[in-house]
Amino acid sequence: MRNLPSDADIHCTTRETGGADVGTWHNIDLRSSGACAALIDTLKPDILIHCAWTTAHGAFWHDPQNAAWLEAGMALFDAFVRQGGRRIVACGTCAEYSGHSTAPRREDETIEPGQIPFPYGRAKFALLQHLRSLDVSHAWVRIFNAYGESEDPRRLVPSVLRALTAGEPALCSSGTQIRDFLDVRDLGTAIARLGASDLEGVVNLGSGEHKTIAEIVETLGGIVKRPDLVRLGALRDREGEPHLLVPDITRQTKELGFVPRITLPRGLVDAAKASLEKN
């Protein structure tokens, strides 16, 4: 939200108490189609940025709630279009891409829903198909590996940092997987820019820096001066996960005109500083 125009009238929803100190917060569950429709009818928003989904770490891949969030997203988009909303920016996932590839994934790839390996990716892709059927300007963001501020402590970067700063072994998979990590500050900037743009369709968002998991973890070990505690290969790799899963970010850089400003080394240093402050 910090990346949206200062004069924007921002309204946000949460199931928790309160929210960030930006915008007006409304306490509703987005899975309640009636509550969502009533809020949209009251606010009559011009732009909708949809980021909500089931996100329980490790469980979201197969979470039965994926179906509920798909239904909720469809109802939300329908209500927004009915009241005359102009543009939707919704967050998809790199998990929509099926199979293995030896090259960065492109937005114009043909995707067969039956070949998407996890319910999470299938549900997201189904919501995209519904969005495409509506008469509304839209952008669909495919997020790859985001990290940074307020990240779930069980995810890769914070979990490794928590172990290392506590003087404990950081247990990791083989680390041979190649991924693209984007700082959430850049991710937020790109999404905000998409909201204000007229760019249509699917847009991959990434850093353009392709690194192995091992390189990420070893960099963190060097930053906190505990490389001796890194334990690559201590955990099994996730079954079926691709060796290479990185985005082609041509649309992001050429059409949206967005180049990430936070390099991976700087972002990891900032994440390590935040971890040390918490501990």
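How many nonpolar, polar and charged residues does the lining of the second largest pocket have?

Author: Happy to. This is a predicted model, in which local features need pLDDT of at least 70 and side-chain atom pairs count only at pLDDT 80 or more, while totals for chains, interfaces and linings use all residues. Residues are numbered from 1 along each chain as its sequence is written, and side-chain values use heavy atoms, with hydrogens and water left out.

To your question: the lining has 6 nonpolar, 5 polar and 7 charged residues. Here Ala, Val, Leu, Ile, Met, Phe, Trp, Tyr, Cys and Pro count as nonpolar, Asp, Glu, Lys and Arg as charged, and the others, Gly among them, as polar.

The second largest pocket holds about 420 Å³ of space. A pocket is an open set of points on a 1 Å grid over the protein atoms alone, where a 1.4 Å probe fits, with protein on both sides within 12 Å along at least five of seven lines; lining residues have an atom within 4 Å of a point. The volume is the space filled by probe spheres set on the points, which are joined across faces, edges and corners. Of the 18 lining residues, Gly148, Ala271, Ala274, Ser275 and Lys278 are the closest to the centre of the pocket.

Which helices contribute? Helix H4 (156–165) and helix H8 (264–278) each supply at least two lining residues, and H8 gives the largest share, with 6 residues. Helices (H or I, at least four residues) and strands (E, at least two) are DSSP runs, numbered from the N terminus.

Ser150 has a phi near 65°, a positive value in a residue other than glycine. Most residues other than glycine have a negative phi. At 69% relative accessibility, Ser150 counts as exposed, where exposed means over 50% relative accessible area, buried under 20% and partly exposed in between (1.4 Å probe, protein chains only).

Lys44 also has a positive phi, near 50°. Lys44 lies in the loop between helix H1 (33–43) and strand S3 (47–50), and is exposed at 54% relative accessible area.

For a contrast, look at His130 in helix H3 (residues 119–132): this residue is buried, with a relative accessible area of 15%.
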